Amino acid sequence: MTEVCFYHNAPDRLRVACVLAGKAHGNGRRIVVFAPDGGMARQFDQMLWTFTPLAFVPHVAATSPLAAETPVVIGTQFEALPHDDVLINLGDDLPAGFERYRLVIEIVGRSDPERQAARGRYRAYQGQGCALRAHDLAQRSGE
């Protein structure tokens with residue numbers, strides 16, 4: 001059964017995704033990051049190079065010939081994502097084929113449109129019988 005973790009009230013969704021990808025990689029997990037468009041995918045790629053000065057999270061685009069061997073893969077199409085361990089969804093829609101992943105991470109910003117889309121995904125996961133957990137990032141940061 002797929003476990004789904006929602007991280008809501010994220011001040012910067014891509015930054016939170018970088019932190020979570022780094023932690024998952026540090027725990028030996030294989031991660032795919034779904035970015036709904038090429039611009040977001042490129043921005044996330046750049047952030048992974050710089051978000052922690054002394055750490056490196058090995059990552060490539062899903063179209064790379066090294067995708068199957070690289071721990072973190074960034075893609076804009078679900079069909080092209082090679083791993084089935086952890087999925088970080090940066091899109092607003094329910095990920096196609098999400099049930100193939102052991103863990104799905106949803107990062108929700110503070111805007112009303114992001115929250116509304118996330119509520120719909122939460123209900124859809126709940127309807128599929130997924131194990132759901134929620135983490136309020138505003139509480140963790142003391143906001």
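In what order do the 7 strands of the open sheet run?

1. The order is E3-E4-E2-E5-E6-E1-E7, with parallel pairing, where strands are DSSP runs of E of at least two residues and helices are runs of H or I of at least four, numbered from the N terminus, and two strands pair if DSSP finds at least two bridges between them. Strand E3 (59-61) and strand E7 (131-136) are the edge strands, each pairing on one side only, and the twist averages 20° from one strand to the next.

2. The model is predicted, so that local features need pLDDT of at least 70 and side-chain atom pairs count only at pLDDT 80 or more, while totals for chains, interfaces and linings use all residues. Residues are numbered from 1 along each chain as its sequence is written, and side-chain values use heavy atoms, with hydrogens and water left out.

3. Strand E2 (residues 31-34) and strand E5 (residues 86-89) run parallel and are joined by 4 bridges, and Val-33 has Ile-88 in E5 as its bridge partner.

4. H1 packs on the sheet, touching strand E1 (3-8), E2, E5 and strand E6 (103-107), and its direction makes about 155° with that of E6; contact means heavy atoms within 4.5 Å, and angles run from 0 to 180 degrees between N-to-C directions, with axes fitted to C-alpha atoms, for helices over the stretch in contact. Helix H3 (residues 112-127) lies across E1, E5, E6 and E7, running at about 160° to E1.

5. Helix H1 (residues 13-26) and helix H2 (residues 38-50) pack at an angle of about 55°, with their axes 10 Å apart. H1 and H2 are therefore oblique to each other, the term for angles that are not under 35 degrees (roughly parallel), over 145 (roughly antiparallel) or 65 to 115 (roughly perpendicular).
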